[in-house]
Amino acid sequence: MDLTYRPRRLRTTPAMRRLVAETRIDPANLVLPLFVKEGLDDPAPIASLPGVVQHTLPSVRKAAREAVEAGVGGLMLFAVPSHRDAIGSAGTDRDGILQRTLREVADEVGDETVLMSDLCLDEFTDHGHCGVLRADGTVDNDATLERYGEMALAQAEAGAHLLGPSGMMDGQVGYVRRVLDEAGLQDTGVLAYSAKYASAFFGPFRDAVESQLEGDRKTYQQDPANAIESLREVRLDVEEGADLVMVKPALAYLDIISRVAAEVDVPVAAYQVSGEYAMVEAAAANGWIERERAILETLTAIRRAGASVILTYWAVEAIRLLG
């Protein structure tokens, strides 16, 4: 028996394992999603997302400051309006809750971190879809692009550094890029949700934004069975001017993250979505897994797959666990 090669020598101590670790998570890799609900007097817990809340404007300022001081790379902001209508008017209102949130957080942390905003209509429509509906109830792609352009201007002017078009409309990145450039907002970047799947793992998020959706989004979000299609979507977004591209969800799509990272020369982000978070929290609450180890293991897997930016509800806690 030839034991000249003993790989276990590189696993003997924590110091040795740390020395040879191939994948590392830096705080700057992590982005914290934050929710703000219009009309709240106090932060409201989200039952399906233990430890995550719907914020008030004052509390989101505090949470943003704490996250920045912890060292997060960015903040992704979502908002829940008090009024919804068919075209998502609150999403383009300069005094809408998302725009007010952006201004508050920008005032609190400025350029100390990267402020990102969700550029989608679903939180603001009374039907819960990501776009404007035709008379037959289907989503009108091109009419939706016009609304996205209006949202882009409102969010950029409110202080967002990166806009996140997440509706999976054809041509959304190019349309938003053109609108920004024509308005002289060339420095505002686009984080394209390029490979966003029609996933079962989005459920708790819909609780967080109190989604009005009935039915599904399978006519615009991607089929989980398809991988080649996601590469085409990513290439199109890069050609249209995306500064970063996103895969969402993350854990069930590690192969997609890896293929996208090998395909493009822009940074690749991945969103560890609400259902992925909730599964770990639920299993840990039942004593079935070691919670802290599971948090870092899942994040390491996403980073190892090729994501240089990870959106995760554990961003601040993970930084503390990393020491």
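## Worked exercises on a predicted model

Met168 sits in the loop between β6 (162-165) and α5 (172-182); helices (H or I, at least four residues) and strands (E, at least two) are DSSP runs, numbered from the N terminus. Residues are numbered from 1 along each chain as its sequence is written, and side-chain values use heavy atoms, leaving out hydrogens and water. Keep in mind that this is a predicted model: local features need pLDDT of at least 70, side-chain atom pairs count only at pLDDT 80 or more, and totals for chains, interfaces and linings use all residues.

**Exercise 1.** Work out whether Met168 is buried or exposed, and look at its phi.

*Solution.*
- Start with the cut-offs: buried means under 20% relative accessible area, exposed over 50%, partly exposed in between (1.4 Å probe, protein chains only).
- Met168 has a relative accessible area of 7%, so it's buried.
- Now the backbone: phi of Met168 is near 60°, a positive value in a residue other than glycine.
- Most residues other than glycine have a negative phi, and most peptide bonds are trans.

**Exercise 2.** Find the cis peptide bond that involves Pro249.

*Solution.*
- Go to the loop between β8 and α8, where Pro249 is placed.
- The bond joining Lys248 and Pro249 is cis, with omega at about -5°.

**Exercise 3.** Check the length of helix α3 (residues 97-109), then see what its buried residues touch.

*Solution.*
- The expected span is 1.5 Å times one less than the number of residues.
- For the 13 residues of α3 that gives 18 Å, and the end C-alpha atoms are 18 Å apart, so the two agree.
- Its buried residues are Ile97, Leu98, Gln99, Thr101, Leu102, Val105 and Val109.
- These pack against β1 (30-37), α2 (57-70), β4 (74-80), β5 (114-119) and α4 (141-158), where contact means heavy atoms within 4.5 Å.
- Just past the helix, Gly110 has a positive phi of about 55°.

**Exercise 4.** Classify the ring pair of Tyr197 and Tyr253.

*Solution.*
- Rings of Phe, Tyr and Trp (its six-membered ring) pair if their centres lie within 6.5 Å; planes under 30 degrees apart count as stacked, over 60 as edge-to-face and the rest as tilted.
- The structure has 6 aromatic pairs.
- In the Tyr197 and Tyr253 pair, the centres are 4.2 Å apart and the planes are at 20°, so the pair is stacked.
- Tyr197 is in the loop between β7 (189-196) and α6 (203-208), and Tyr253 in the loop between β8 (244-248) and α8 (254-263), so the pair ties together parts 56 residues apart in sequence.
- Both Tyr197 and Tyr253 are buried.
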